[in-house]
Amino acid sequence: MVPFAGYSMPLSYGDVGQVASHHYVRTKVGLFDVGHMVQSNFRGKTATEFLEWLTPSSLSSLKPYSSTLSVLLNDKGGIIDDTIITKHAQDAFYVVTNAGRRDEDLSWFAQKLEEWNSGDRGKDGPVEHEVLEGWGLLALQGPEAASYLQGLTSFDLRQLTFGTSAFVPIEGFNLHVARGGYTGEDGFEISVPPSQTVEVAQLLSRPPVQLAGLGARDSLRLEAGMCLYGNDLDETTTPVEAGLSWVIGKERKENGGFIGAEIVLKQLKEGPSRRRVGLIVEGVPARQGAKIYTPLGHEEQQQLGVVTSGIPSPTLGKNIAMGYIQSGWHKKGTEVAVEVRKQLRKAVLTPMPFYKPNYWRG
Amino acid sequence: MRTGAVFTRLAHTKRYTAEHEVVNFDDETGVGIVSITDHAQSVLGDVVFVELPQVGTEVSQGDQLGAVESVKAASDIYAPVSGKVEEINETLAGEPGLLNKSPEDKGWLCKIKLSDPSEMDKLMTFEEYKSTYEE
């Protein structure tokens, strides 16, 4: 057990090691208890406009019961948090944010809601924010996730493609199920009302499902090239630098209108000075904080950036890492050096994801 | 218990460090076999990579000797004693999991020819080591 965002959470369960657990999710199915994450509802006539002010996403054109990865930005275009936003209707959204950013996010929401509701735009219809306190969130992940869940419901899960959600009857419970996850595998994130968390967790963890902990969650997400807030994203990093320009809606790239737009649009036009990249490091794993330098044999040893996450990849058998590097050095195939235990090691820029995701797209 | 076995063992002394290394010292050869403790491997979880020093390296007590890495984290290994690295466990390169299966035997890290065997006396006994992680 380790402390995490005020919770005590397991790195792994029982005597199943992190590597075995990782492989199990890649080949069969695992269940992650991610109830520490913050689930919220935003409701109100101007909810779409409000969230389009807080994020650069195109939410007005998002179809009902569809989700998108998004970012909450500060005035400088820095990422306050990354989040999954699910649209239920123009006036109703379900939002999941990081537990480690709970205090920052909630005070940001409160401050901006007050501003919105007392201003001109909020007068058409105020927006309400409800935190789903005590609700559970379970992530069923892996190639066998769909067949397992299908055995518990009459709902045809083939209709539920990656990035969409629905209320699904599961053995007498009616639960919000979003197809997606944080592993690069097919899977579901299931939101559970407070009184049903234990029963639903038991229902979803029968064989062949294996409980999986934070350890496997981290190695799976890194292979899938996904960011971990606090490691790979922070308030000084913009979505353009983080390689997340794709979360910015097409018309929003032209019209702006979101907090932080000035800097984000400028970076989109002129290019950022540093970029998030993937690396494969020879010989040894490079961890968070390892410095990235010009390649071995280069005339002048000059620091180019820093590693923000790195592991020996259980699936690939290679040392994978992500980090930030000076623009100009960011092209795939570029050779650089990474310092581990005072020695420079050869590394090659490698496109992410390191592991090709297996999503259900119908 | 066979008396012969007791006598053989007398030539060997096992001592521990607070950094979870163990040295099995043979006072006939003056060589200490360095390993990580069983407790250390259980805390680390699956070891997937081990970095060892070059044979012939001269180390002082407390110098960084290498590292043991699980998927989650890297743990540095420090030289528990001063001396010259005589041999490293080459099998760990292909089979790092030996550190979990047999940390103090088949998963040994390296052999050091001690330059000052009296350093052994300053390390901890098993009971002293055990008390560092048990309340």
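A: The largest nonpolar core has 117 residues, and those with the most contacts inside it are Leu51(A), Leu138(A), Leu140(A) and Val338(A). Strand S17 (residues 319–326) of chain A contributes the most to this core, with 5 residues. Please keep in mind that this is a predicted model, where local features need pLDDT of at least 70, side-chain atom pairs count only at pLDDT 80 or more, and totals for chains, interfaces and linings use all residues. Residues are numbered from 1 along each chain as its sequence is written, while chains are lettered from A and ligands numbered from 1 in the order in which they are written.

Q: What makes a set of residues a nonpolar core?
A: The set must consist of buried Ala, Val, Leu, Ile, Met, Phe, Trp, Tyr and Cys residues joined through C-beta atoms within 7 Å. In soluble globular proteins, nonpolar side chains tend to be buried together.

Q: Which residues does Leu140(A) touch?
A: Two residues are in contact if their C-beta atoms, placed from the backbone, lie within 7 Å. Setting aside residues up to four places away in sequence, Leu140(A) touches Val29(A), Leu31(A), Ala145(A), Tyr148(A), Leu149(A), Gly187(A), Phe188(A), Ile190(A) and Leu204(A).

Q: Why is Glu189(A) called buried?
A: A residue is buried if 20 or more other C-beta atoms lie within 10 Å of its own, exposed if 12 or fewer, and partly exposed in between, with C-beta atoms placed from the backbone. Glu189(A) has 25 other C-beta atoms within 10 Å, so it is buried. Glu189(A) lies in strand S12 (residues 187–192) of chain A. Leaving out residues up to four places away in sequence, its contacts are Leu137(A), Ala139(A), Ala178(A), Gly180(A) and Gly181(A). UniProt lists Glu189(A) under "binding site" in an unreviewed entry; such annotations may be inferred rather than shown by experiment.

Q: Why is Gly6(A) called exposed?
A: Gly6(A) has 10 other C-beta atoms within 10 Å, and therefore counts as exposed. Gly6(A) sits in the loop between S1 and S2 of chain A. In sequence, Gly6(A) and Gly100(A) are 94 residues apart, yet in space they are 8.2 Å apart, C-alpha to C-alpha.

Q: What makes Ser8(A) buried or exposed?
A: With 9 other C-beta atoms within 10 Å, Ser8(A) is exposed. Ser8(A) belongs to strand S2 of chain A. Apart from neighbours within four places in sequence, Ser8(A) is in contact with Met1(A) and Pro3(A).

Q: How do you know that the span of helix H3 of chain A agrees with its number of residues?
A: Helices (H or I, at least four residues) and strands (E, at least two) are DSSP runs, numbered from the N terminus. The expected span is 1.5 Å times one less than the number of residues. For the 17 residues of H3 (residues 102–118) of chain A this gives 24 Å, and the end C-alpha atoms are 24 Å apart, so the two agree.

Q: Which residues of H3(A) are buried, and why are they placed on the same side?
A: The buried residues of H3(A) are Asp105(A), Phe109(A) and Trp116(A). They cover an arc of only 40° around the axis, which puts them on the same side of H3(A); the arc is that of the directions from the helix axis to the C-beta atoms. An α-helix has 3.6 residues a turn, so residues three or four places apart point the same way. On the other side of H3(A), the exposed residues are Asp103(A), Ser107(A), Ala110(A), Gln111(A), Glu114(A) and Ser118(A). Among the elements that the buried residues of H3(A) pack against are helix H2 (47–54) and strand S5 (66–73) of chain A.

Q: What makes H6(A) mostly covered?
A: In H6(A), 9 of its 10 residues are buried. They include Leu214(A), Arg217(A), Asp218(A) and Glu223(A). The elements these buried residues pack against include H1, strand S16 (303–312) and S17 of chain A. After H6(A) comes Gly225(A), whose phi is positive, near 75°.

Q: Which domains does the assignment give for chain A?
A: The assignment gives domain 1 (2–35 + 135–224), domain 2 (38–131) and domain 3 (274–350); such bounds come from an automatic or database domain assignment. The C-alpha centres of domain 1 and domain 3 of chain A lie 32 Å apart. Their contact takes 7 residues from domain 1 of chain A and 7 residues from domain 3 of chain A.
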